[in-house]
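Please consult the sequence and the structure shown here while reading.

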Amino acid sequence: MATVLLPSHVASHRRAAFSGGSHHPLPLTDLLVCATRAAASRRPRSIAVSCRVATRAKESPSAGPPPKALAKEAHKYFDHAVVSVRAGDGGHGAVLNMPPGPSTDAAPKARGGGGRVDKSKGKKGSGKKVSYKRNYDGSVSLPMGGHGGDVVLYADEAEETLLEFHSKARHCAKRGGNVGANGTMSSRMHNGSAGETLRIPVPVGTVVRRKKGSVLADLAHPGDEVLVARGGQGGISLIDAPEYRRGKAMALSPNVMRDVTDKVLTHGQPGEEISLELILRVVADVGLVGLPNAGKSTLLSAITLARPDIADYPFTTLMPNLGRLGGDPSLGALQFSSGATLADLPGLIEGAHLGKGLGRNFLRHLRRTRVIVHVVDAAADDPVNDYKIVREELRMYNPKYLERPYVVVLNKIDLPKAQDRLSSLAFDISSVGCEECHDKNGSIEKLTRNKSRHHASEDDDKDLGDYPRPQAVIGASVLRHIGIDEMLKEIRTALAKCSDRMSLEP
Ligand SMILES: Nc1nc2c(ncn2[C@@H]2O[C@H](COP(=O)(O)OP(=O)(O)OP(=O)(O)O)[C@@H](O)[C@H]2O)c(=O)[nH]1
């Protein structure tokens, strides 16, 4: 049995009573509902990454950092990449000769059937039929070069990192096809084929911006897409007629070549080229934070199908692991709405907001989370101080993180050291912060706080006591499956509470 201590009941909390056993069988089937793309363990994935890197590197050795560094330190590169993309050029038009037939000297009257083929007889006695495709206004339709391929980025759930963009940093769409004419106008002339749109998949949650410029799109949902480079327009075709036949040619179509310099019009336009910065922000409802070794990955694997690396040394987690928490079965048909995605972030250490440890990179992945689960090793030397260190790092990076609903999990209570001091730890942690309530407009009103406030106007002047207390402090052992149900209940309550009032940051 585990202890659940809600802040409001801290004074009268009850002591934890353990049922002596180390194993507490958990109805996992209730909890593990959906596998996610992150369900596979991270080790094979990182191997796959390094293999891919090695192959690609042979193709374009100059692009991105050396593959060795990429494979070894993937965590430095997985969520940021600079790429350049180029749309396809337009295909070329053609300079066409007029066929020898003389009956082409006058445009027929405008008629409804655009694009129809006009088959008029040649000069009496010539016996030749001259036929053209015509526009709606009766003018001769001249073929155009194909449009160059556009470049589109789209959010694909199958993608997990931006690592591939380090080994292939340049992407080009195909050019449009040229007019396939043999030099003489005829009804069988075709437009050049359009270049295929180059669709590049990126992980869901990728922010696309111009290099050192404005944000173009935030691909936060599967299927979101943005056109980043437009293909060039195809060149037009012109008629090359000798001087004495120009009048006739002009009557056929306004798009005739007037002089030699107009030839340039037949060239397709170049496709757009742009350098882009891709920034991945993990999309998850719940973010797991804590010092290294607190048990975040173990927690993730206990309540979802995700299988992150777990080991007894700090920074086992180098990249965020995602897991999908199933809906609450007690809600019946509504249970689907109570499901959530959890992100296990690499451990934070003091100075993380300045880049220490794995640093700032990972703090940004909390941006899209709605609820924070703070895992504290209750068997550590000074768990309350550990708790404050992480809260302080969050505050220094982005004070808004501290305003989000959060649940504290005092982990490893299966160890005697943690067991003995659980109650006092829960009390101390619950006491850091102020109580809050939400008015009708959803803004947070501070009612009471346990510390005197000196400066409350600016975030910089606030301290941890100015931010809300945890919604709950729960004693648990995620390894032994103790306290899991209580923890899940609190996480779901926090999610339900914030779903209406919290708007996600961009
Ligand atoms: N006794 C006990 N050990 C635990 C418990 N939860 C996790 N551990 C152990 O603590 C160690 C660290 O666990 P992880 O889940 O890798 O910790 P983490 O917070 O993800 O660590 P980082 O990846 O460094 O951030 C592992 O050896 C786990 O087996 C628990 O409830 N009880």
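The largest nonpolar core has 86 residues, and those with the most contacts inside it are Leu288, Val373, Val409 and Leu410. A nonpolar core is a set of buried Ala, Val, Leu, Ile, Met, Phe, Trp, Tyr and Cys residues joined through C-beta atoms within 7 Å. A residue is buried if 20 or more other C-beta atoms lie within 10 Å of its own, exposed if 12 or fewer, and partly exposed in between, with C-beta atoms placed from the backbone. Helix 12 (residues 484–501) gives the most to this core, namely 6 residues. Helices (H or I, at least four residues) and strands (E, at least two) are DSSP runs, numbered from the N terminus.

The model is predicted: local features need pLDDT of at least 70, side-chain atom pairs count only at pLDDT 80 or more, and totals for chains, interfaces and linings use all residues. Residues are numbered from 1 along each chain as its sequence is written.

Val409 touches Leu299, Val373, Val375, Val376, Ile474, Ala476 and Met487, not counting residues up to four places away in sequence. Contact here requires C-beta atoms, placed from the backbone, to lie within 7 Å. A second, separate core of 13 residues includes Met98, Tyr132, Val140 and Leu252.

Helix 7 (residues 296–303) is largely enclosed by the rest of the structure, because 7 of its 8 residues are buried. These are Lys296, Ser297, Leu299, Leu300, Ser301, Ala302 and Ile303.

Helix 9 (residues 383–397) packs against helix 11 (residues 422–430) at an angle of about 30 degrees, with the axes 10 Å apart. This makes helix 9 roughly parallel to helix 11, a term for angles under 35 degrees. Axes are lines fitted to C-alpha atoms, for helices over the stretch in contact, and angles run from 0 to 180 degrees between N-to-C directions. In this pair, Pro383, Val384 and Tyr387 of helix 9 meet Leu425, Asp428 and Ile429 of helix 11.

Ile413 lies in the loop between strand 18 (406–411) and helix 10 (416–420). Its C-alpha atom is separated by 5.3 Å from that of Ser477, 64 residues apart along the chain. Lys412 lies in the loop between strand 18 and helix 10, and His481 in the loop between strand 21 (472–475) and helix 12. Most residues other than glycine have a negative phi. Phi is positive, however, at Lys412 and at His481.

| Residue | Phi | Other C-beta atoms within 10 Å |
|---|---|---|
| Lys412 | about 70 degrees | 27 |
| His481 | about 60 degrees | 20 |

Note on methods
Contact = placed C-beta atoms within 7 Å. Parallel < 35°, antiparallel > 145°, perpendicular 65-115°, else oblique.
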